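Biologist: I am new to this structure. Could you show me how to read its strands and helices?

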Amino acid sequence: MNRKIAIAAVVLALLAGAGLLAIPQGEAQGPVPGAGVPPRAPVVAPGRVEPATEERDVTAELRGKLAEVLVDEGDTVREGQIVARLIDDEYRARVVQARAGVALREAELERTLNGARGQERREAVAQVREAAAQLEQARADLARREPLARQGHVSSEALDRARNEVAAAEARLRARQERAALIDARARSEDIDAARAQLALAKGQLAEAEAFLEKTRVRSPIDGTVLHRFKRTGEGVSDQPPTPIVKVGDLSRLRVRVDVDETDVGKVALGMRAYVTADAWPGRRFEGTVVRVGQRLGRKTLRTDDPTERNDTKVLETLIELDSGIVLPVGLRVDAFLGAPGAGS
């Protein structure tokens, strides 16, 4: 212990001799306000620039080949704008077929509600009269052959045929009469309900066919800029897993996604001012505000070129929204300073 005290005394003497420990004479030797309280150090962490909307991969909901890709990198797109089309011949044919099915079911329902036309009724009545005349003729033939058969002038086989003709004519008349009654009768409620159900089913099939056709048109989910094009006309895409066709993002506002080390998470808060720097712009600061602080620690997603960087630490993902008007390339790696003195000044 004495040795340590002696060493400390020597160091103090050297500092005093060099003028580094000079104390103005005549001033009080008491504590100086704020002495021993170091200035607040900023949280320094790596970050990456991204659109405020994040980068969105635009994919197709169906498997197929691209008939055309309508945008290129750097193009501005609007929400809902078609950026690509799949070959859709099969889906167009399904829509045509489904529309025909709806038209058929609509006609059947109308016929059920309105009943038979006058021409059909008249035709049914005429068929009944024809069957009645045939029955009358068959009965007359049988009446003529029966006495001849008793006298032996007509064979029993011929008599049986005459009797069968009468039976067939009677059955034919009954069938014609029932059909005429059915045509003339009003539609039953269950028949109308069945016709309406068939129409509803046909309309559902049409809606499904149109929905599949719409899925062949790949649309942008947001207003933004095409950041990258992955596929070209004629190339195939899949829905499982989804194949990106283009990547879009809204560049009107930029954010920086920052990996804050677990040892610094207590120093970060919403609304805190911050700034970032980039090697491409030495000496410049791009300022912003912390707009999101993660709620769960996770693995690092950003890597620097520092060979001594530790990759086994936990980080808290934090978002800094850069001030309006700042333009930086998406994906640029930066150094972020959160809560730095002078930020925002």
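Modeller: Start with strand pairing. This is a predicted model. Strand β3 (residues 64-69) pairs with strand β8 (residues 236-237) in the antiparallel sense, over 2 bridges.

Biologist: Which residue stands opposite valine 237 in β8?

Modeller: Glycine 64 does.

Biologist: How many bridges join β3 and strand β5 (residues 82-86)?

Modeller: There are 3 bridges, and the sense is antiparallel. Look for arginine 85 in β5; glutamate 68 stands opposite.

Biologist: Where do side chains point in a strand?

Modeller: In a regular strand they alternate between the two faces of the sheet.

Biologist: Now the helices. What span should α2 have at 1.5 Å a residue?

Modeller: α2 has 26 residues, so 38 Å is the span to expect. Its end C-alpha atoms lie 38 Å apart, which agrees.

Biologist: Which residues of α5 are buried?

Modeller: Buried here means under 20% relative accessible area. In α5 these are Ile192, Ala195, Leu199, Ala202, Leu206, Ala209 and Leu213.

Biologist: What do the buried residues of α5 pack against?

Modeller: They pack against α2 (89-114) and β6 (217-219).

Biologist: And which residues of α2 are buried?

Modeller: Tyr91, Val95, Ala98, Val102, Leu109 and Thr112 are. These buried residues of α2 pack against α5.

Terms used. Residues are numbered from 1 along each chain as its sequence is written. This is a predicted model: local features need pLDDT of at least 70, side-chain atom pairs count only at pLDDT 80 or more; totals for chains, interfaces and linings use all residues. Side-chain values use heavy atoms; hydrogens and water are left out. Buried means under 20% relative accessible area, exposed over 50%, partly exposed in between (1.4 Å probe, protein chains only). Helices (H or I, at least four residues) and strands (E, at least two) are DSSP runs, numbered from the N terminus. Contact means heavy atoms within 4.5 Å. Two strands pair if DSSP finds at least two bridges between them. The expected span of a helix is 1.5 Å times one less than its number of residues.
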